[in-house]
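Welcome, and thanks for taking a look.

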Amino acid sequence: MIAGSHIHTVIRAAIPVDPGAPEARKWLREELAKAPYEAAKPTWFDRLSTSILDWFASLTAPSADGFAAWVPLLLTVAVVVLVVAALLIFGLPRLNRRSRLASDLFGVDDRRGAVDLRRAALAAASHRDWNLASAEMFRALARGLSERTILIVTPGTTAHSFAARAAEAFPGERVRLSEAAELFDGVRYLGVDGTEQRFLALAALESDLRAARPPHLEDPAPTKQP
């Protein structure tokens, strides 16, 4: 018992019971850095939830008599409910519309760019699939003009309406554009068999328009100085 009491006394004497301020702060930091304390810290989700609950708690019912005193609170709640419902049902309208405009190509959800469509057309042509090659090349032509912002192919645009609008930008290509639209509708909807000759004519048109600028965008010819 004496030996045990002596050891206990020695251990207690080795532990400072009245640390200085710097040492106390150090002990506190070391203690709080331990895993149980770190795990107990509130997360960002906890703080956000608390803020939202506090906000709802602040929406106390008006103490004034009569329905008019309730109008601001009821309107606020109604607006919040309508906005949330609209987002859940329709999503983000502007982003959805932009996505649809960028992908809709003559009634098909096609997100490929002009380069990929052109590559697909040439691949089909290498297998002598003139129907697919012609359809893909016409899509490449349309997507190319859209990417250059010369005109936009909106949902519901038909091949012939596209050709008519493209002819406004390139008046000299009105006939070839009309023939290209006729070929696209033929191989896509009317059961017409595409041919190598008509595909090559369409590919030449796509190449020419890809390198051309609409006349109204051409730089004006410099005027001669007197």
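**A first stop: Arg112**

Arg112 is partly exposed, as its relative accessible area is 28%. For this label, buried means under 20% relative accessible area, exposed means over 50%, and partly exposed is in between (1.4 Å probe, protein chains only). This is a predicted model, in which local features need pLDDT of at least 70 and side-chain atom pairs count only at pLDDT 80 or more, while totals for chains, interfaces and linings use all residues. Residues are numbered from 1 along each chain as its sequence is written, and side-chain values use heavy atoms, with hydrogens and water left out.

**The chain as a whole**

- The chain holds 11 helices and 2 strands; helices (H or I, at least four residues) and strands (E, at least two) are DSSP runs, numbered from the N terminus.
- Read from the N terminus, the order of elements is α-α-α-α-α-α-β-β-α-α-α-α-α.
- Of the 226 residues in the chain, 24% are buried.
- The accessible surface of the chain is about 16,100 Å², and carbon and sulfur atoms account for 63% of that surface; accessible areas come from the Shrake-Rupley method with a 1.4 Å probe, and for residues only the protein chains shown count as cover.
- Take the contacts between residues at least 6 apart in sequence: 59% of them join residues at least 24 apart. A contact here means heavy atoms within 4.5 Å.

**Salt bridges**

- Side chains of opposite charge can pair when their charged atoms come close.
- How many salt bridges are there by this rule? The count comes to 10, where a salt bridge is a side-chain nitrogen of Lys or Arg within 4 Å of a carboxyl oxygen of Asp or Glu.
- Arg112 is in one of them: its side chain meets that of Glu136 at 2.8 Å, N to O.
- This pair links distant parts of the chain, with Arg112 in the loop between S2 and H7 and Glu136 in helix H8, 24 residues apart.
- Glu136 counts as buried, at 6% relative accessibility.
- Glu136 also forms a salt bridge with Arg139, and their closest N and O atoms are 2.8 Å apart.
- Both Arg139 and Glu136 lie in helix H8, 3 residues apart, which is about one turn of the helix.
- Arg139 is buried, with 7% relative accessible area.
- Another salt bridge joins Glu173 and Arg176, with 2.8 Å between the closest N and O atoms. Glu173 is buried at 19% relative accessible area, whereas Arg176 is partly exposed at 28%.
- Salt bridges with shared partners join Asp110, Arg112, Glu136 and Arg139 into one network.

**Aromatic pairs**

- A pair of aromatic rings is described by the distance of the centres and the angle of the planes.
- Searching the whole structure gives 7 aromatic pairs. Rings of Phe, Tyr and Trp (its six-membered ring) pair if their centres lie within 6.5 Å; planes under 30 degrees apart count as stacked, over 60 as edge-to-face and the rest as tilted.
- One of the pairs is Phe106 with Phe138, a tilted pair with 5.4 Å centre to centre and 40° between the planes.
- Phe106 lies in the loop between strand S1 (104-105) and strand S2 (108-109) and Phe138 lies in helix H8 (residues 130-147), so the pair ties together parts that are 32 residues apart in sequence.
- Phe106 is buried at 6% relative accessibility, and Phe138 is buried at 0%.
- Phe184 and Tyr189 make an edge-to-face pair, with 6.4 Å centre to centre and 80° between the planes.
- Phe184 counts as buried, at 2% relative accessibility.
- One aromatic cluster is formed by Phe106, Phe138, Phe162, Phe184 and Tyr189.

**Arg118 in helix H7**

- Arg118 sits in helix H7 (residues 114-126).
- Is Arg118 buried or exposed? Arg118 is buried, with a relative accessible area of 16%.
- The side chains of Arg118 and Glu206 are joined by a polar contact of 3.0 Å. A polar contact is a pair of N or O atoms within 3.5 Å; within protein, one must be able to donate a hydrogen and the other to accept it, and residues adjacent in sequence count only if both atoms are side-chain atoms.
- Leaving aside residues up to four places away in sequence, Arg118 touches Met137, Ala140, Glu206 and Arg210.

**Ser146 in helix H8**

- Ser146 is part of helix H8 and is buried, with a relative accessible area of 19%.
- Not counting residues up to four places away in sequence, Ser146 touches Leu151, Ile152 and Val153.
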